[in-house]
Amino acid sequence: MNDQRHRLGGLLTRETRVVAAGVEVLAGALAEQAVPVEAVDWRPPPAGTEQALAAVLGDPGHADANARAVRRMVTARPHLVDVRPAREVLGLDAGTFLHAGPPLEWERASGPMRGALMGAMLLEGLAATPEEAERELARGAAALEPCHHHATVGPMAGVVSPSMWMWVVEDAEHGGRSYCSLNEGLGKVLRYGAYGPEVIERLRWMGEFLGPALRAAVRRHGPLDLMALIAQAVQMGDELHNRNRAATSLLLRELAPDLAAAEDVPRDLAAEALRFAAGNEHFFLNPGMAAAKACADAARGVPGSSLVVAMARNGTEFGIQVSGTGDRWFTGPAGVPDGLYLGGYGPDDANPDIGDSAITETAGMGGFALAAAPAIVRFVGGEVPDAVAATQRMYEITLTEHPALQIPLLSFRGTPAGIDVTRVVRTGILPVIDTGIAGREAGTGQVGAGLVEPPPGVFTDALHALAEIA
Amino acid sequence: MRDWVEVRRGAYHDSVTLMRVSRSLSERPGVAGAMVAMGTELNREIVEGMGFEVPAGAGPDDLVVAIRVAGAAGGGELDAAREALDGLLRDASRPPAGAGLLGAAVPARTTGSAAARADATVALLSVPGPHVFPEAMDALDAGLNVMIFSDNVPLGQEIALKEAAARRGLIVMGPDCGTAVIGGAGLGFANAVRPGPVGIVAASGTGAQQLMCLLDAAGVGVGHVLGVGGRDLSPEVSGRSALSALAALDADPGTELIVLVSKPPAPQVADLIREAARRLDTPVVFALPMPGEDDITQAAEKALRALGRPVPRWPRWAAERRPEPGSGQALRGLFAGGTLRDEAEMIARGALGWDLEARGAEAPGHRFTDFGDDAYTRGRAHPMIDPTLRLEAVREAASDPGVGVLLLDVVLGYGAEPDPAASLAPAIAEAVKDRPDLAVAVSLCGTPADPQGRDRQAAALCGAGADVFASNAEATRHALATVEGTPE
């Protein structure tokens, strides 16, 4: 207060530098005087959002609430602590299935979601044939609940049934727990809606052998710092959504010695488990998602905060949850990803966007870290500069830069982290999400991979909800 | 139909590249299907699912090429497709032409984002009024002061922003703040004046410009002009920014004298401001053009005397023609600057006791119009940028034989149109061509250093037949004397 140099932030004493938004001639007049100007490429937000934006941004606690929420998100320290069956850790009863995305009923479920649920019925012995599974599900024999309602995330269909084994992740900073299933590999797999005999057989083996083997290894290893591992992987070219190659290798490097040393895991099973994991470049996707979920959950429930804490798709709808609006979902129709297709498949075979894996983007990875993963930039339909631009664009809608996840190509700038609903609405810039593409027909499996955007309406809906309680 | 399958050992390409290559190949005319992929188990299954036969022994490190062409053997389609494949694989590992490694910079899309990129001291906002609030909050949250050029910002938002600024030790200049000068940098409409000991707090943009130009003409410089917006001295806003600006200038060691210029404020706010001014160490001169108060020229003179500087004869440029309006003819004041218009009307009312509202047969019907008023600027630029409407009004007034004197203002400086005389001088020449009785007085607000060049503008306007004055009050008095038939 006594230091007059800092009155009005040094307005009258420091060199005048201006941020200019609006009429170009005014910025031009400053440039004419050789005054440094940083111009804003300003565009009007959607009509009808002015008052809601003013209400939310005018709440005196808003900026602090966002700062607090996003600080909790980026300071979370998720550790891999255990591997256990869903029945035990989630208290999942027979006949209850978790699924990806916002709440969903069988009637509105898409092909791959139905296929995965049918597969789960077969796996749990609740039906003997796919036809019977379909009939049972159609008459409401199973209870369906979103993974997100159980501190859980699941890739693609995200179906979790009681006998599936889960990665258990604990946030050493804030104490939260999160869960994700084990990754089955690529091609015809349950999460893409396939439910053939080979799918069910693989899941049985995972439940009977892989899960216990991983449990032995993880318990023997002790808490494994996933954020440190992810940070390394980002510098090795992973964005942790569509590329998990480095992270998978790093995870195996950590667990292999303990798996080898675990006395209750036979040598041939240890070898088989390692071979299975090493043969699947996306093996780390699931523990990575659980880590992202732990980070995002740490930021939940901060009153007044417009931070997005979940983006998830159930194959029919895209939904988001926001820190300041509790467990409420804001949903809109899921879009069809723009991407590249396997073999003879094309856009007509694609199901609308599906999966909880957008939790990676929610926590500052995935599409937000695309500039870190030049090896997969061609999913953007472009070249390295396009990937860099995609990440750069995300800084416009995020609250901070991730202190741990650094992008070498951007001189080790932290990834854009913490999507702010108000910034999405103001700029019209939508989060960029990397994604796999599931076949539209139940039982098809993966047909491609690419990029997808959320429906813009979910952000304006969330904004209006925040404005109501501001 | 003809199938071709080959295995290229050890030829690695990443899966995404290969998906793109496969797609490009499939889209070629004559190709019925194609897949180029590393020979992983999954890929082999897909290739086989398409009906190809994959040779045994092709492993994950080998490139599997499967092409199906429509034509018969020897039709050339297959050779063409294989050649195309080689080209596609070559191109896949070639950097894009032109663009740098990181591509073009992504522009800032919010004031917050721009503020994070630059170590700025102030944000200048001129987005439409209803959209100002988020940008202004961004600036305040980033520790920037804010100048809001836009009008049509809701009153409640103005108060909220000014309260938020106070909590952060910052100032909001505006909304509807046309002019500010910070350490020599002109924001919005501002004249190029020499630096000096005077600080101006301005609830009126053109009032501040008139003041700084007169001081400059007297050889006295201006350190800072802090605008506060036309509503700041209303009972609702209660001078929040004016008080903050007074305190900041009081604390500024370079400021020896403060001048507060405003359209007539609400009486209780005027009292509040005067009380605050009394408590400052720095003397404050008021320029509140209203009956019983100094006009802006008088306030400038008072400021000069307070600084112990001589009061000069204010610059004026007399035209050669000496028109003599007939009795009963009216005065038309056509203004771009709202405060200059108000000052002219105040002088007309106060000095000569005219009832401007009178419309009787004998009443002269003098009128003063502000083309910067909302009614004229909705959907178009300010008359200091776009002179179209006022030029029309000049033509219209000249064609009215009841009009004997035109009083116009021309405001120069950064932000204003690059050469106002270029359109106004011909309009004046045209107006007086067949009207030897029509007198034209111009109040020219500018400095020799302004981009438009005050003296060049004055010469052009004068040459067209207008008497030109640096002081708006003098221009007004001259116009009044002329229309009264009592020239000085």
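This is a predicted model: local features need pLDDT of at least 70, side-chain atom pairs count only at pLDDT 80 or more; totals for chains, interfaces and linings use all residues.

Colleague: How many helices and strands has chain B?

Modeller: Helices (H or I, at least four residues) and strands (E, at least two) are DSSP runs, numbered from the N terminus. Chain B has 16 helices and 18 strands.

Colleague: Why is chain B described as more spread out than a compact globule?

Modeller: The radius of gyration is taken over C-alpha atoms, and the globule rule is 2.2 Å times the number of residues to the power 0.38. For the 488 residues of chain B the rule gives 23 Å, but the radius of gyration is 35 Å, well over that value, so the chain is more spread out than a compact globule. Its C-alpha trace spans about 110 × 60 × 40 Å along the principal axes.

Colleague: Which way do the residues of strand E7 of chain B point?

Modeller: In a regular strand the side chains alternate between the two faces of the sheet. In strand E7 (residues 179–182) of chain B, B:Thr179 and B:Val181 point one way and B:Ala180 and B:Ile182 the other way; all are buried (20 or more other C-beta atoms within 10 Å of a residue's own, C-beta atoms being placed from the backbone).

Colleague: What does E7(B) pair with?

Modeller: Two strands pair if DSSP finds at least two bridges between them. E7(B) and strand E8 (residues 185–188) of chain B pair in the antiparallel sense over four bridges, and B:Thr179 has B:Gly188 as its bridge partner. The two strands form a hairpin with two residues between them, and B:Gly183 in the turn has a positive phi of about 50°.

Colleague: Which residues touch the most other members of the largest nonpolar core?

Modeller: In soluble globular proteins, nonpolar side chains tend to be buried together. A nonpolar core is a set of buried Ala, Val, Leu, Ile, Met, Phe, Trp, Tyr and Cys residues joined through C-beta atoms within 7 Å. Of the 327 residues in the largest one, B:Val146, B:Leu211, B:Val259 and B:Leu461 touch the most other members.

Colleague: Into which domains is chain A divided?

Modeller: Domain bounds come from an automatic or database domain assignment. Chain A has domain 1 (1–42), domain 2 (66–72 + 299–469) and domain 3 (77–289). The centres of domain 2 and domain 3 of chain A, taken over C-alpha atoms, are separated by 21 Å.

Terms used: Residues are numbered from 1 along each chain as its sequence is written. Chains are lettered from A and ligands numbered from 1 in the order in which they are written. A residue is buried if 20 or more other C-beta atoms lie within 10 Å of its own, exposed if 12 or fewer, and partly exposed in between; C-beta atoms are placed from the backbone.
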